[in-house]
Amino acid sequence: MAFAKDLNLDATELRLGLPGTSDESAKNQTPATLRSNNKRALPEESMSSNATASKNCNQETAPLPKAQVIGWPPIRSYRKNNLQPKKSEGEISGIYVKVSMDGAPYLRKIDLKVFKGYPELLKALEDMFKFKAGEYSEREGYNGSEFVPTYEDKDGDWMLVGDVPWEMFTNSCKKLRIMKGSEARGLGCVV
Amino acid sequence: MNYFPDEVLEHVFDFITSHKDRNSVSLVCKSWYKIERYSRQRVFIGNCYSISPERLIARFPGLKSLTLKGKPHFADFNLVPHDWGGFVYPWIKALAKSRIGLEELRLKRMVVSDESLELLSKSFVNFKSLVLVSCEGFTTDGLAAIAANCRGEVNLGALERLVSRSPNLKSLRLNRAVPLDTLQKLLMRAPQLVDLGIGSYVHDPFSEVYNKLKIAIQRCKSIRSLSGFLEVAPHCMSAIYPICGNLTFLNLSYAPGLHGNKLMKLIQHCRKLQRLWILDCIGDKGLGVVALTCKELQELRVFPSDPFGAGNAAVTEEGLVLVSAGCPKLNSLLYFCQQMTNAALITVAKNCPNFIRFRLCILDPIKPDPVTNQPLDEGFGAIVQSCKGLKRLSLSGLLTDQVFLYIGMYAEQLEMLSIAFAADSDKGMLYVLNGCKKLRKLEIRDCPFGDAALLEDVGKYETMRSLWMSSCEVTLGGCKSVAEKMPSLNVEIIDECEQMEFNLDDKQKVDKMYLYRTLVGHRKDAPEYVSIL
């Protein structure tokens with residue numbers, strides 16, 4: 001067909017060879033690796049367009065499509081069911097901490113587990129309380145804003161958010177407080 | 001031996017406890033048969049349809065403990081319809097009518113109705129123990145007849161009082177519904193626990209409850225077996241460390257929330273571990289930690305945390321090789337992995353010649369060795385050649401007839417073999433049937449084995465407990481032939497689509513066939529879609 005080349009049917013063809021091989025090169029392999037066998041086709045294969053052609057080809061090369069074969073893998077249903085709520089696992093074991101902001105009428109709560117690191121946490125806080133935190137640097141703390149994110153740690157001390165590794169922070173943070181204005185200066189903020 | 005009084009022989013037989021040995025004793029002569037049957041207290045029936053309850057009762061009037069297994073193994077993976085069979089009610093009814101003083105009933109893959117449980121609870125004065133493994137058919141109403149209600153709504157106060165009153169309580173397993181402060185109170189009341197299952201382990205590490213829990217756990221110096229953690233806060237696992245050093249069995253296969261460094265730290269405390277059940281999110285690296293720490297390890301089971309996300313399994317051949325090198329006592333394996341190589345299996349075979357159970361499941365069932373692109377025949381061949389005591393084997397990956405040649409040649413002690421998506425021809429099945437003299441259970445799915453293999457030696461099936469073949473090439477005619485030649489076998493055709501109804505052509509391929517030896521002929525409780533030939 002004239003337009004077949006344009007459609008690049010080869011590239012989109014469903015078959016069992018490794019990407020980059022063609023049926024031609026498969027046939028040139030040694031008999032040891034390429035054995036036509038009577039193995040029953042897996043259920044998915046009978047649905048692909050190349051069913052008959054591929055039945056005699058060596059089936060070694062491609063991984064099974066993700067469509068599930070009944071009874072495979074051989075694990076009991078209660079194990080499969082137990083694994084589904086992987087996401088909600090995180091929810092249940094989340095680290096919820098209170099967040100207060102000076103001047104705000106009420107507090108909020110956030111789950112620290114949801115964030116992968118400080119940038120995400122700060123963005124969420126900024127969105128939640130509608131402020132901008134300023135640039136963090138180890139030497140100077142948060143530069144360029146009158147708002148400074150702080151937290152109370154296990155020992156009851158108020159610490160600057162961002163100094164310790166993220167994991168250590170999530171393990172020791174008891175509550176968050178976004179300090180504002182003159183109070184914030186004590187933590188090294190340069191307004 | 002005729003001049004030994006019976007009491008002396010009975011006394012001697014008391015020392016013989018294994019089922020196999022007692023069976024052998026009963027075959028020596030009539031007098032030994034008689035003495036043995038009156039003194040037998042524990043009976044194991046591997047297939048509930050191989051014998052009837054009446055005959056059991058007639059032969060063993062002193063029966064105290066009965067173990068029954070029902071559905072074929074592949075029922076665990078949804079290959080057998082729910083109402084296929086395996087009903088325990090007729091057994092309980094018959095036992096209740098008789099004078100048997102039943103004390104223990106152990107059931108596996110049986111259907112247990114509420115009615116059965118009620119009858120059980122009313123019929124045996126000395127009944128002590130009910131063990132149900134992979135059973136179904138009952139509700140909490142049924143269980144309530146046997147013991148205090150412990151499913152669904154948990155009465156925490158009642159649970160605490162129950163534990164307080166039970167100074168001999170050895171095993172306590174809790175589900176998600178039990179909150180942490182209850183767990184802490186229970187542990188305080190039962191420091192003698194040997195086996196603990198924790199359902200929900202989520203808490204604030206700064207709370208009073210957590211501190212109390214830490215103290216309670218430390219007091220439980222007898223705990224040898226730990227499981228559960230269905231919900232877990234990984235950063236709180238340090239409270240468990242004090243008891244890890246005594247653990248011999250750790251089951252974290254329900255705890256996908258535990259992985260990475262936290263999991264590895266936990267394992268590093270478990271130096272006496274003999275059995276470990278884990279999810280594959282432990283990774284090859286985590287298995288390396290196991291290899292370094294758990295020198296007493298005998299059994300390892302690695303389950304998939306993402307069964308259908310092909311490519312996401314976190315363990316490969318590397319993890320297995322590490323464990324085989326580090327744990328010389330390893331004899332039992334169940335390993336779900338992304339891939340396996342022949343080289344790795346050959347190394348494992350060399351490192352661990354003591355395998356009794358070797359079950360490998362590559363999530364993509366026809367995957368070859370990714371390094372060489374070869375089938376895994378040589379790798380499994382090395383396993384059967386090296387592990388002379390191998391009793392159970394499950395194969396996966398790309399496999400030709402060759403692996404079965406090896407199995408037939410070397411697997412002299414093999415009792416159970418599971419095959420899926422393997423082999424090229426009937427020869428594969430023939431190698432196994434001809435070679436494995438001790439074979440008891442053979443289960444096959446999606447292999448090109450047909451009537452020629454099935455019919456080659458039908459007498460062999462009488463020496464086995466059962467044969468399962470599904471999605472193979474055997475025909476209705478072939479199955480009928482087996483049934484005709486072997487009246488001591490039940491040959492069942494399971495045909496859910498009821499194709500057989502309309503098309504009784506002998507050449508038709510059979511979707512599911514299950515045959516087993518029996519002393520009591522065709523069972524009467526088979527559903528419509530099961531034909532017994």
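Me: By what rule are axes drawn and angles taken, and where does this model come from?

Reply: Axes are lines fitted to C-alpha atoms, for helices over the stretch in contact, and angles between N-to-C directions run from 0 to 180 degrees. The model they are applied to here is predicted.

Me: Are α17(B) and α18(B) roughly parallel or roughly antiparallel?

Reply: Helix α17 (residues 401-410) and helix α18 (residues 426-435) of chain B have axes that come within 8 Å and cross at roughly 5°. Angles under 35 degrees count as roughly parallel. Therefore α17(B) and α18(B) are roughly parallel.

Me: How many nonpolar residues does the contact of α17(B) with α18(B) have?

Reply: From α17(B) come D401(B), F404(B), L405(B), I407(B) and G408(B), while α18(B) brings K427(B), G428(B), Y431(B), V432(B) and G435(B). Sorted by class, 3 are polar and 2 are charged, and the nonpolar residues number 5.

Me: Which strands stand at the edges of the open sheet in chain A?

Reply: The sheet has 5 strands in the order β2-β1-β7-β5-β6 (chain A), with mixed pairing. An edge strand here has a single partner strand, so one side of it is left without a neighbour in the sheet. The strands in that position are β2 (108-111) and β6 (158-160) of chain A.

Me: What percentage of residues 4-45 of chain B is helix?

Reply: UniProt, in an unreviewed entry, places the feature "domain: F-box" at residues 4-45 of chain B. Over this stretch the end C-alpha atoms are 31 Å apart.

Note on methods. Residues are numbered from 1 along each chain as its sequence is written. Chains are lettered from A and ligands numbered from 1 in the order in which they are written. This is a predicted model: local features need pLDDT of at least 70, side-chain atom pairs count only at pLDDT 80 or more; totals for chains, interfaces and linings use all residues. Side-chain values use heavy atoms; hydrogens and water are left out. Helices (H or I, at least four residues) and strands (E, at least two) are DSSP runs, numbered from the N terminus. Angles under 35 degrees count as roughly parallel, over 145 as roughly antiparallel, 65 to 115 as roughly perpendicular and the rest as oblique. Contact means heavy atoms within 4.5 Å. Ala, Val, Leu, Ile, Met, Phe, Trp, Tyr, Cys and Pro count as nonpolar, Asp, Glu, Lys and Arg as charged, and the others, Gly among them, as polar. UniProt positions are given in the numbering used here, feature names are shortened, and annotations may be inferred rather than shown by experiment. Two strands pair if DSSP finds at least two bridges between them.
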